[in-house]
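Let's take a walk through this fold, one piece at a time. Have the structure open and follow along.

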Amino acid sequence: YMVLLKIGRFSPDKRWEMAIRALKILKDRGKRPCLIMKGGSEPYGGQVFRLIKELGLSMASVDLKETSFKSLTKTLKAIKPTDIYNVQQMMPEELLKPLYAECDAVLANSGHEPFGLVGLEVMAARGIAFVGATGEDYAIPFKNSIVLETEDPYEIVSYITYLHNYPKRNSEMRKRARAAASFYSWNNVIKYNLIPRLVFIREQKGI
């Protein structure tokens, strides 16, 4: 099995279609993938759902009685196996952390990402973040994350397959991801980034 995760508002910028097409390709190659997804209420969601139907992928709605990882796994096991599990509730941090860690890939593959914090959160949980080439300074391709250079779904397929075939490198990437994310904790950001800049501003203003 390959378990993929994608969370975000329904927008072309989030490259939902790229993720859905990659799932279809993996399935056609006999990899037995599934996608856990949580979108928003934006109109573009209708286009995403139409694509799912056009590609012949199955989808089940997931209603969680409790927003915990244990509740999620119990609910998924009770549902008939499907290609896509569409979670209806917002997923809090206590659910997302173990989910990031357990999934084979978290598809934060946006084409435009002003902040890029999701990839960092995934890495902090020892997850495999697939981010777009949108300027996330912390993302080092094939070292602590996967950086997608194109909108081609085959790029997702290729890298997921690579990580699946080389479990040792997969494990090493997860360790490096956690280590890299630790440099971006608030304490480290304040100590090594904010304070030196404030000192410069102080000196510049003659304070």
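We'll start with the sheet, then turn to the helices.

A quick word first: this is a predicted model, where local features need pLDDT of at least 70, side-chain atom pairs count only at pLDDT 80 or more, and totals for chains, interfaces and linings use all residues. Residues are numbered from 1 along each chain as its sequence is written, and side-chain values use heavy atoms, with hydrogens and water left out.

Find the open sheet: 7 strands in the order 3-4-2-1-5-6-7, with parallel pairing. (Strands are DSSP runs of E, at least two residues, and helices are runs of H or I, at least four, numbered from the N terminus; two strands pair if DSSP finds at least two bridges between them.) Strand 3 (59-62) and strand 7 (146-148) sit at the edges with a single partner strand each, so one side of each has no neighbour in the sheet. Further in, strand 5 (residues 105-108) is joined to strand 6 (residues 129-132) by 3 bridges, and the two run parallel. Look there for leucine 107, which stands opposite phenylalanine 130 in strand 6.

Now the helices. The axes of helix 1 (residues 16-28) and helix 2 (residues 44-54) come within 10 Å and cross at roughly 15°. (Axes are lines fitted to C-alpha atoms, for helices over the stretch in contact, and angles run from 0 to 180 degrees between N-to-C directions.) The contact (heavy atoms within 4.5 Å) uses Trp16, Glu17, Ile20 and Arg21 of helix 1, and Tyr44, Gln47, Val48, Leu51 and Ile52 of helix 2.

Lastly, just after helix 8, glycine 206 takes a positive phi of about 70°.
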